[in-house]
Amino acid sequence: MAWENDLGDQMVHQNHHNIAETQLIQYFNLVVKSARGAIVTDVEDKKYIDLLGSDSAMNVGHNNPKVVAALKNQIDRFIGYDAGYFTNPTSIKLGARLAALAPGDGHNKVAYGTSGSDATEGMIKFARAYTGRSYIVSYEGAYHGTTYGAITAGACDVDMVRKIGPLLPNVVHVPFPNLYRRHPGESEHDVAIRFFNAFKRPFETYLPVEETACVMMEPIQGDAGIIIPPKEYVQLVYNFCHEHGILFAVDEVNQGLGRTGKFWSYQHFGITPDLLATGKSLACQLPMSAVLGSAEILDSLKTSSYVFTSGGNPVVAAAALATLDVIEEEDLVHKSAVDGVYAKKQFEKLADKYDCIGDIRMLGLNGGIELVKDRQSKEPDPDAAAKVIYRAFQKGIIMVKLNGNVLRFQPPLVITRQQLDKAFEILDDVFNDLEHDRI
Ligand code: PLP
């Protein structure tokens, strides 16, 4: 990681806005002044093509005019009122809209929150309350947020356990299938079976199936590097859950709302989850999240066990309603699917030229581009990824890396073809610089 530290120092020196003082910037010196669509402008008026989409929280584009108008309209009426005892027309309207988008055809309900973390944690609460069971099964590599329940369900590390533990009890982690790193000669089916066996192992040894409340899964792991599991694997786990009265809870905070070319990412896998958490792009990064599920499950808790003062706030609810309108009116789910195929082709063209590109995982405008030292050994190359995102940034592209060596590709879904083409032209230059040791 020496390179990354050097890179950090280098950037601090170039920084006009004292990075040490603000402590804001993890990757590079970006102080945003304004943003529109897929273009971000910094305080020095330099423009960037945004391939990060504010961490997949800006699916309808920065400062979407319809969202801004809806916000202004609501602010002019009133900003908010308690959400525990009372409600308001805007959040009632949003609740109905979200309930209709919940998995399953039954009578669905919505519990509002203010962050993805409280929504994933909310799913743990509802699963425990509804089933009367305490164990939660989640995944190695997962990211569900930073409140206690969310952090425990995610991929905890020793540092977290030492510094902020004890974490939530009765949370068990199982491995998530990664097709790129399959064993030699394994088919997709073999991978599905091997990982399903690994999933069942705890139940065969120490984990009481009848005390297990839910399995929580990002159907496509986001922060782990956009890992797309075999459909068969997801279905096997899902069927196991239903055989044993275990709820299936999906975290769609990162991958939902059109990101993967379907409205929700679970729809790629032919399943109907019991609980769903959404956030991020729901209100264009404003504090809005929600747990969606059947009324039967959500009624298992009194409001006082999950309500937040600002949950369903009318201003953010107005933004969310406008966001859902834009996704529908501009057919962004379909656009994401089509542009994702196009973007994948462009990355494949780069892979034809540059050997460091080991794997391209892409569904919708949602990609993980894995950089490796060589394609045979598949040894991760985090230095190459750090250099690529740094040079890309210098050349006007915002991109970060995931899990060390994976380039994260999650532009706003409204990105134009012209902007995409320009971004790939720049990336070609960047990989060329990398190949010739010019970074
Ligand atoms: N779940 C997933 C899959 C996420 O990617 C994130 C955020 O990155 C969260 C939950 C947590 O959301 P928030 O940061 O809004 O608490």
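**View 1. Helix α13 spans 31 Å from its first C-alpha to its last.** With 22 residues, α13 comes close to the 32 Å expected at 1.5 Å a residue, the expected span being 1.5 Å times one less than the number of residues. Helices (H or I, at least four residues) and strands (E, at least two) are DSSP runs numbered from the N terminus. The model is predicted, so local features need pLDDT of at least 70 and side-chain atom pairs count only at pLDDT 80 or more, whereas totals for chains, interfaces and linings use all residues. Residues are numbered from 1 along each chain as its sequence is written.

**View 2. The buried residues of α13 are L332, V333, S336, D339, G340, A343 and F347.** Buried residues have 20 or more other C-beta atoms within 10 Å of their own, and exposed ones 12 or fewer, with C-beta atoms placed from the backbone.

**View 3. Four strands form an open, antiparallel sheet in the order β11-β12-β15-β14.** Strands pair if DSSP finds at least two bridges between them. Because β11 (357–362) and β14 (400–402) stand at the edges, each with a single partner strand, one side of each is left without a neighbour in the sheet. Between β14 and β15 (residues 406–409) the antiparallel pairing runs over three bridges, and L402 has V406 of β15 as its bridge partner.
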